[in-house]
Every structure is written in structure tokens, then in C-alpha cells.
Amino acid sequence: MKIFFYDAHDFERKAFDAANSKQGLTIEWCSHRLTPQSAVLARGFEVACLFVEDRADAEALKILKEGGVRLIALRSAGFNHVDLKAARELGLRVVRVPEYSPYAVAEHAASLLMALNRKIPRAVARVKDLNFSLEGLVGRDLHGQTVGVVGTGRIGRAFARIMLGFGCKVIAYDQQVSIELEAMGVTYCSLRDLIAASDVLSLHIPLTPETWHLIDAKAFAAMKPGALLVNTGRGALVESVALIETLKSGRIGGAALDVYEEEEGIFFHDLSGKGLKDDVLARILSFPNVIVTSHQAFLTLEALSAIAEVTLSNVAAFARGERSGNEVEVS
Ligand code: NAI
């Protein structure tokens with residue numbers, strides 16, 4: 001079975017080579033993202049393997065199908081970048097990696113929080129410059145602080161456990177209560193109460209029409225003065241312009257972000273020689289109490305290895321004429 005990889009990155013290659021030593025599939029690597037223009041590149045391949053920035057719209061899917069593609073194998077959990085209706089009409093099947101490592105994302109959220117709270121990026125840059133002054137580097141003990149976890153699915157639960165280990169009081173909001181977390185002393189409350197009570201607010205909820213701009217100007221106004229916001233969920237959970245206004249007013253203590261609502265075409269790319277065209281992101285980056293990483297929360301060896309194993313076993317199951325269980329239901 002021949003697989004055409006769109007938007008292939010060097011960081012994932014080793015994990016896929018290792019996983020493929022068991023499967024023996026033919027892989028063609030391509031750094032171009034899937035668009036209607038690049039869809040023709042997969043001509044002659046039965047599988048198109050996509051990452052989060054590929055856009056599988058109806059036009060691109062039609063060209064893939066005409067070129068012989070029968071399966072769309074996503075190397076991600078999310079599938080909001082695939083036009084599922086078009087895929088169904090074209091008879092294309094879609095598989096994904098429903099979960100890889102919740103620990104990777106939860107630990108990155110905790111790292112961002114620690115780095116923001118203790119001003120680690122500023123401190124490191126300062127010491128490299130032989131400036132050993134401590135002025136402006138005062139943080140707070142996390143021990144005893146109230147951490148609000150929005151979304152207690154796989155990642156939110158892993159994050160809550162880490163915070164409990166730090167001696168924090170953990171409160172949570174989710175449409176489904178986790179008995180495991182409750183038994184560990186986590187209390188559930190409404191989003192409104194959680195926002196008002198949290199010293200740290202961490203977002204682990206999926207992006208849906210209901211959760212879009214969940215943290216808007218009203219929510220920022222209800223946050224505790226000096227509170228810290230951590231977002232490793234999806235960029236559009238936070239209204240960026242409202243974040244800028246809040247940071248300008250000095251109301252919250254800072255923000256640590258791994259995602260940004262307009263990250264497509266920016267995150268994952270080296271723009272160091274080109275500059276930034278996105279004025280909103282440029283403004284966000286200008287605040288000393290903001291740290292941003294480029295959607296890297298998933299990026300651990302363990303997570304990459306799990307993504308590779310599951311992606312290729314999904315394809316191998318398809319090749320054997322079986323359903324893998326990781327098929328995206330096309331309603
Ligand atoms: P999950 O599906 O295990 O948990 C999601 C939780 O959100 C569930 O408990 C669900 O009940 C709750 N939920 C969903 N909609 C809700 C609503 N409207 N109101 C209240 N609760 C709601 O998902 P998981 O694996 O924990 O991932 C969470 C999110 O993390 C993903 O959706 C994704 O956006 C993000 N993520 C970010 C990564 C990164 O690299 N930055 C990597 C992987 C995931």
C-alpha cells in the first residue's frame with residue numbers, strides 16, 4: 001500500500017520510520033500542505049496522510065479521489081480540517097489517531113505555567129546576557145493556589161493530577177464530572193464560579209461552536225486580578241483582542257499560550273527571516289508577561305511514536321480490508 005504524506009516534518013520522520021519497519025508500507029514524504037493545487041501530487045497513491053494544517057476541502061478531496069486515493073489517514077486526533085460530507089459523497093474513508101499522549105500536553109501546560117509564573121524565559125535571557133539582577137523576577141508559590149481546569153477529559157485530568165501534586169486546590173468545569181478527580185479532592189462548579197475563583201485558569205476543552213471565544217472580554221473581566229491564563233487547548237477558545245486589552249489594563253498576571261486562533265501558516269514555520277504579518281500576534285508577543293510556544297504541547301518522543309504506530313496500523317487495517325476502530329464516522 002502506497003501512502004502520500006502531506007505537510008511532512010523532520011521531527012516525525014524517525015517515529016514513522018520505526019513504526020513502518022513493522023508494517024512495510026511505501027511512504028512518499030512531501031513538505032507541501034494539502035490544497036486543491038497540491039492534491040494532484042498524490043496521484044497514484046491509495047492513501048493520503050494529513051496533518052493538522054492540511055485543508056481537505058471538497059475540491060482537494062475530489063482531486064485526491066480522481067488520482068486514486070481511497071483512504072484519508074489523519075495523523076491527528078482532530079478532524080475539523082476535513083470536509084467529512086464531501087469525503088462520504090466521494091466514498092473516501094477517514095481514519096485518525098483518537099488519543100496519543102495526554103501526558104505530553106498536560107506536562108507542557110504545567111511547564112508553561114511554571115515558566116510564566118517564575119519568569120524563566122526572562123531570567124534565562126538575562127543571565128545569558130550576564131545580567132544577574134533579580135529585579136522583576138518575583139513569582140508566586142503555586143502551593144495553595146486555586147487552579148481552575150476547564151475540560152476534564154484525558155488531558156485536563158492529567159493536568160489536574162499534576163497540579164494536585166504541587167499542593168494546589170483544583171476546581172473544575174466540564175459537562176461530565178470525573179469521579180476519579182472528585183475522589184482526589186477536585187470540586188466541580190459552573191464556568192462562571194470557576195473563572196471568578198481561579199488564580200490559574202487552564203483550558204483543556206475542545207473547540208466547538210459552543211466553546212468558541214469561551215474566554216472573551218466578559219470572562220477576562222471576571223477573572224481574579226493577577227490570575228494566570230494557560231491555553232494548550234485551541235487558539236479560538238480565547239478572544240485574542242480581548243486578551244490584548246486585558247493585558248494592557250494589567251488586570252491579569254499573564255498568559256501562557258501554545259495555541260493561537262490564527263496560527264495556521266505561522267506556527268510550525270520558520271518566519272525568522274521574514275517577519276510577522278499578523279499584528280494581533282505581534283502585539284500579544286510584545287507583552288513581557290506572555291509566553292507563546294508554537295503548538296508544541298504534543299511534541300514528545302512518546303506521543304510521536306504513538307501517532308506513528310496508530311496511523312500506520314490504521315492504514316494496514318485498511319489494506320487488509322478491515323475497519324480499524326479509529327474510523328471517523330461520516331454522518
Ligand atoms: P477529551 O475528549 O478527552 O476531553 C474533552 C473534555 O471536554 C470532555 O471531558 C468533555 O466532556 C468536555 N467538553 C467538551 N465540550 C464541552 C462543553 N461545551 N462544555 C463543557 N465541557 C465540554 O479531549 P482531550 O484529549 O483531553 O483533549 C482536549 C483538547 O486538547 C483537544 O480538544 C484539543 O483541542 C487540545 N489538544 C491540544 C494539543 C496541543 O498540542 N496543544 C494536542 C492534543 C489536544
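Visitor: Which residues line the second largest cavity?

Guide: First, the general idea. Rolling a probe the size of a water molecule over the atoms shows where empty space is left. On a 1 Å grid over the protein atoms alone, a cavity is a set of points where a 1.4 Å probe fits but cannot get out, and lining residues have an atom within 4 Å of a point. Here the second largest cavity is lined by E12, F16, F51, R75, F298, L304 and I307. Helices α1 (10-23) and α12 (301-319) each give at least two residues to that lining (helices are DSSP runs of H or I, at least four residues, numbered from the N terminus).

Visitor: Before we go on, what sort of model is this?

Guide: It's a predicted model, where local features need pLDDT of at least 70, side-chain atom pairs count only at pLDDT 80 or more, and totals for chains, interfaces and linings use all residues. Residues are numbered from 1 along each chain as its sequence is written, and side-chain values use heavy atoms, with hydrogens and water left out.

Visitor: How many cavities are there of 30 Å³ or more?

Guide: The count is two. A volume here is the space filled by probe spheres set on the grid points, which are joined across faces, edges and corners. The second largest cavity holds about 30 Å³, and the largest cavity has about 50 Å³. Lining the largest cavity are residues including N231, Y260, E261 and I284.

Visitor: And where does the ligand sit?

Guide: In the largest pocket. A pocket is an open set of points with protein on both sides within 12 Å along at least five of seven lines, and a molecule sits in one if more than half of its atoms lie within 2 Å of its grid points. This pocket has a volume of about 1400 Å³ and 46 lining residues, with R154, I155, H204, I205 and P206 nearest its centre. Helix α6 gives the most to the lining, four residues.

Visitor: Which residues come nearest to the ligand?

Guide: A residue is near if one of its heavy atoms lies within 4 Å. Of the 21 residues around the ligand, R154, I155, D174, T232 and D258 come nearest. For polar contacts, look for pairs of N or O atoms within 3.5 Å. A polar side-chain atom of D174 is 2.7 Å from a ligand oxygen, while a polar backbone atom of I155 is 2.9 Å from an oxygen of the ligand.

Terms used
A polar contact is a pair of N or O atoms within 3.5 Å; within protein, one must be able to donate a hydrogen and the other to accept it, and residues adjacent in sequence count only if both atoms are side-chain atoms.
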